[in-house]
Amino acid sequence: MRLLVIGSDRSLFAPHNDVRRRIQLQARQVSEMDIIVFSLRSHGLVEVHAENLHLYPTNSRSRLGYIRDAVRIAKKIASADVVSAQDPFESGLAAYFAARRLRAPLQLQIHTDFLSPHFARRSLLNRMRVFI
């Protein structure tokens, strides 16, 4: 199974941290794991290919380009059996477009009660996220 994940955890690019080790263990459960990570060019991240784990930074000019750049990278990957996103918001929207493009099922991870009135009241960004 080839898994494509879209998210924002840039700590994956640090080779010796717990997050990277956990993802490498998860990657062993599938044939290929591709992860697209929202990042700015100023972060200076480069692609990582370690065994069957492939990390791709979007290296966007601004945060506004994250979704477009993630979908562009997904097109280059060209195939996936499942597309997953770490949240139903920005990465979820990018994963939705990528899944449609790749004709793959979409799986969204939800780690917060985004329909709670308290979530939407916190900021304009959160209200926009609820809309998405």
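Guide: pLDDT is the predictor's confidence in each residue, from 0 to 100. Where pLDDT is low, the predicted coordinates should not be read in detail. This is a predicted model, so local features need pLDDT of at least 70 and side-chain atom pairs count only at pLDDT 80 or more, while totals for chains, interfaces and linings use all residues. Residues are numbered from 1 along each chain as its sequence is written, and side-chain values use heavy atoms, with hydrogens and water left out.

Visitor: What does the protein chain average in pLDDT?

Guide: The average is 91, and 93% of the residues score at least 70.

Visitor: Why is α2 called roughly parallel to α3?

Guide: Helix α2 (residues 66-77) and helix α3 (residues 90-102) pack at about 30°, with axes 9 Å apart. Angles run from 0 to 180 degrees between N-to-C directions, with axes fitted to C-alpha atoms, for helices over the stretch in contact. Under 35 degrees counts as roughly parallel, over 145 as roughly antiparallel, 65 to 115 as roughly perpendicular and the rest as oblique. That makes α2 roughly parallel to α3.

Visitor: Which residues of α2 meet α3?

Guide: I67, A70, V71, A74 and K75 do, and their partners in α3 include L93, F97 and R101. Contact here means heavy atoms within 4.5 Å.

Visitor: What makes β3 and β6 edge strands?

Guide: The open sheet has 6 strands, ordered β3-β4-β2-β1-β5-β6, with mixed pairing. Strands are DSSP E runs of at least two residues, helices H or I runs of at least four, numbered from the N terminus. Two strands pair if DSSP finds at least two bridges between them. β3 (48-50) and β6 (106-108) each have a single partner strand, so one side of each is left without a neighbour in the sheet.

Visitor: How do you know that β1 pairs with β2?

Guide: 6 bridges join strand β1 (residues 2-7) to β2, and the two run parallel. With at least two bridges required, they pair. V5 stands opposite I35 in β2.
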